[in-house]
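Please keep the sequence and the coordinates at hand while reading.

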Amino acid sequence: MTRRVEFSPSWFGSLGTPGRYAVAFVIVAISTGAAQLLHEITHSTRVGGAWLVGVLVTSYLVGSGPGYAAAVISFVIYNFYVTGGHFGFEHYSPEDVLVLLTFPTVAMLMGNLTGRVRDEAKRAEARALITAVLFEGTREFSASDDAGLIRARLADHLAAAARGQAFVLDGEVLCSAGSGAPEPMVLSAAQALAAEATKEPRTVEAAGWRVRRLASGAVAGWRAEPAPDADEENLLQILADAGAAATSRAALTVAKADAEARARTEDLRNALLSSISHDLRTPLAAVLASASSLQEFGDQFDAKTRHDLTATIQEEAERLNAFVTNLLNMTRLEGGALDPASAVFDLAEVVDRTRRRFERLRGQRKISCTLGEGADVAMGDPVLFEVALANVLENAVRYSPEGATIALTSFPRGGQVVVQVTDEGPGVPESELGKLFDKFYRGSGARRLPGTGLGLSIVRGVMQGMGGQASAALRTDAPSGMVMSLMLPAVRV
């Protein structure tokens, strides 16, 4: 919330011209009463000090003009006291003439000086208010990239600085502050100013409002009470221009963010297309080569060669199927179309079926499977869990060296069933662990191998959709390797 500095010296500052002169008459009357009281107490006619004090107070409270009027009226009344009510020249002594000449001179000087000091103090206080609002406004503008918020706060700050009303018009968006919206005539002037071909800031007068076209194309207007002097008007214009600069900066920031997002999207799209083309082309080439070899030379091959070729076709077709399935699953996850079942299923059967799928792909690697007691059933969707486990196991096979052992284990923990896949691959730097499940992210050690970076992000989405979790950790019992954990709710008995 913006701290608003108010200028309110007293209720005298809100009086119009008739009210200020009325105050002067009242103060003269009070001074006359005081002089009369002094006259009765001292029996002296030299009581001009009472009126001098009145002139001083009048000038301080309501300004120089009423102070001059008070000085003139006081002079007439004091003259009456000095001459005892007789105004003929024969009733004036030289001393009376000197006193009467001195009184108006002193009264006028006092009224002038006091009024000038008062007026200067008011101007200084008004400038201090506008300067404080300008400082606070620019600080607030610099901290925001929201153009709408900046426009609204600019209207608030202008109204506070002008001690009246203000508005900011940007296209069809109107932000107003103070006591109500501006009159239609003022808005028409603002729209005409905004429609001008020139882009230079310009200020015009409209029905008591100051309307300024800003460099950003918006228009700001304010009505100050009382009217500001030239310095105050300059500060108000600086405040309006500062808001316009902040609005332009916010628009540029948004445009920059959009451009960066489009560039990132384009980079991801290019990377995905490149990866997809590679991942599709490689198995397709193997399938086509094997199929064409069987078609042309099948009769010339022995049984073992034909078996190897048909096995290649099956393996590469399964690889293509897994790849397309991952793409479809990612589309379903992002579109909110994933609708996992929630049922008790045989975890041991799903784990064993997934393990057998990789028998032909594991090469010289070994896959061990150990299911702990109390971890043979779980709550979730068996089909989706198999998708998640297959993605994790595929990574383990891909990155583990020939001859390595990949361990599949399960155990209960804290109301969950945990299935862990432990490999002997190179692992990843610890700083990359938190990014492994991000879409399209591939660890620094994985970029030499084909892949899209979708597998683990699908794993996380699928597990979360079933009310479970997925996590990754580095092995602490071996020089290298990863431990991937899939956690599902345990069956409540």
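A polar atom of the Asp381 side chain lies 3.0 Å from the backbone nitrogen of Val383, a polar contact being a pair of N or O atoms within 3.5 Å in which, within protein, one must be able to donate a hydrogen and the other to accept it, and residues adjacent in sequence count only if both atoms are side-chain atoms. The model is predicted, so that local features need pLDDT of at least 70 and side-chain atom pairs count only at pLDDT 80 or more, while totals for chains, interfaces and linings use all residues. Residues are numbered from 1 along each chain as its sequence is written, and side-chain values use heavy atoms, with hydrogens and water left out.

**The cap and its helix**
- Asp381, in the loop between β8 (377-380) and α10, caps the N-terminal end of α10; helices (H or I, at least four residues) and strands (E, at least two) are DSSP runs, numbered from the N terminus.
- Asp381 is buried, with a relative accessible area of 10%, where buried means under 20% with a 1.4 Å probe and protein chains only.
- Beyond residues up to four places away in sequence, Asp381 touches Pro340, Ala341, Phe345 and Met466, contact meaning heavy atoms within 4.5 Å.
- Buried residues of α10 (382-399) include Leu384, Phe385 and Val397.

**The sheet**
- Five strands form an open sheet in the order β2-β1-β5-β4-β3, with antiparallel pairing, and two strands pair if DSSP finds at least two bridges between them.
- Because β2 (173-177) and β3 (202-206) each have a single partner strand, one side of each is left without a neighbour in the sheet.
- β3 pairs with β4 (209-213) over five bridges, and Thr203 stands opposite Arg212 in β4.

How values were computed. Expected span 1.5 Å × (residues − 1). Buried < 20%, exposed > 50% of the residue type's maximum accessible area, 1.4 Å probe, protein only.
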